[in-house]
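Visitor: I am new to protein structures. Could you walk me through one, question by question?

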Amino acid sequence: MEFDAVAAWRAAGEAGDAAAAVAALDPDVTLVSPITEQFTFRGHRQVQTLLDVALGAIDDITYTDQVTEGRTVALFYEARIGSTRLYEAQRLRLGDTGLISNITLYVRPLPALTLLMTRLGPELARRDGRPGLARLIPLAGGMMHSMATTGEQRIMPRVAPR
């Protein structure tokens, strides 16, 4: 089975090119948010908006691994948001056309995920015509990011295996 769409998706992600990434997607693509399962991005327009914002916030994407089972591909990459390391796993499902029809994203560690939320959320809300929400997200996200960072740097090291 050819995986041209997956190769194009990877290259576009590493180049930070949202339009090229969307070209690898089925027009009816769904993308499940890594931040909340409360919503899914649907279709080229919504996914391109997300990718425009995300690829502007995430630096130095380097894909490290790819695992394939039938029409499902798992990709793994390492990147940065500012000085914060980010690791992402992506489950891609290919449709009958060979294009990517479903994407589910998983991000770690928790401080990277909360930082991602504070970077993406406001711009996505602005682009969706919700300026009030765009102002609220940094407050809520900032509190969660502060707690996640404190836990990661100060609390969890105390319970590390000896």
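**A guided tour**

Guide: Let us start with a loop. Proline 109 sits in the loop between β6 (100–108) and α4 (110–127). Keep in mind that this is a predicted model.

Visitor: Which residue is joined to proline 109 by a cis peptide bond?
Guide: Look at the peptide bond on the proline. Its omega is about -10°, and the bond is cis. The partner of proline 109 is arginine 108.

Visitor: What is the N to O distance in the salt bridge between arginine 80 and aspartate 60?
Guide: Arginine 80 lies in strand β4 and aspartate 60 in strand β3, so the pair ties together parts 20 residues apart in sequence. Arginine 80 is partly exposed, at 27% relative accessibility. The two side chains meet at an N to O distance of 2.7 Å.

Visitor: How many salt bridges does the structure hold?
Guide: A salt bridge needs a side-chain nitrogen of Lys or Arg within 4 Å of a carboxyl oxygen of Asp or Glu. By that rule, the structure holds six.

Visitor: How far apart are the closest N and O atoms of arginine 127 and aspartate 52?
Guide: Arginine 127 lies in helix α4 and aspartate 52 in helix α3, so this pair ties together parts 75 residues apart in sequence. Arginine 127 is partly exposed at 45% relative accessibility. Aspartate 52 is also partly exposed, at 34%. Their closest N and O atoms are 3.8 Å apart.

Visitor: About how many helical turns separate arginine 127 and glutamate 123?
Guide: These two side chains meet in a salt bridge, with N to O at 2.9 Å. An α-helix has 3.6 residues a turn, so residues three or four places apart point the same way. Arginine 127 and glutamate 123 are four residues apart in helix α4, so their separation is about one helical turn.

Visitor: Which residues are linked in a network of salt bridges?
Guide: Arginine 127 forms a salt bridge with aspartate 52. Arginine 127 also meets glutamate 123 in a salt bridge. The linked residues are Asp52, Glu123, Arg126 and Arg127.

Visitor: What span is expected for helix α3 at 1.5 Å a residue?
Guide: Helix α3 covers residues 43–57, which is 15 residues. From its first C-alpha to its last, α3 reaches 21 Å. That is close to the expected span, 21 Å.

Visitor: Is alanine 57 buried or exposed?
Guide: Alanine 57 lies in helix α3. The cut-off for buried is under 20% relative accessible area. Alanine 57 has 13%, so the answer is buried.

Visitor: Why is the pair of phenylalanine 39 and phenylalanine 41 edge-to-face?
Guide: Planes over 60 degrees apart count as edge-to-face. The ring centres of phenylalanine 39 and phenylalanine 41 are 5.4 Å apart. Their planes are at 85°, so the pair is edge-to-face.

Visitor: Which strands hold tyrosine 63 and tyrosine 77?
Guide: The rings of tyrosine 63 and tyrosine 77 have centres 5.3 Å apart and planes at 75°, so they are edge-to-face. Both tyrosines are buried. Tyrosine 63 lies in strand β3, and tyrosine 77 in strand β4.

Visitor: Which helix do the buried residues of α5 pack against?
Guide: Helix α5 has 25 residues and reaches 35 Å from its first C-alpha to its last. Its buried residues include Ala134, Ile137 and His145. They pack against α4.

Visitor: Which residues make the nonpolar surface patch of about 280 Å²?
Guide: Patch residues need over 30% relative accessible area. Leucine 133, in helix α5, has 34%. The patch is made by Leu133, Leu136 and Leu139.

How values were computed: Residues numbered from 1 in each chain as written. Predicted model: local features only at pLDDT ≥ 70, side-chain atom pairs only at ≥ 80, totals over all residues. Heavy atoms only, no water. Patch = residues over 30% accessible without salt bridge, like charges linked within 9 Å, V, L, I, M, F, W, Y side chains within 5 Å. Areas by Shrake-Rupley, 256 points an atom, 1.4 Å probe, with all protein chains shown as cover. Helix = DSSP H or I, 4+ residues; strand = E, 2+ residues; numbered from the N terminus. Buried < 20%, exposed > 50% of the residue type's maximum accessible area, 1.4 Å probe, protein only. Expected span 1.5 Å × (residues − 1). Phe/Tyr/Trp six-rings, centres within 6.5 Å; stacked < 30°, edge-to-face > 60°. Contact = heavy atoms within 4.5 Å.
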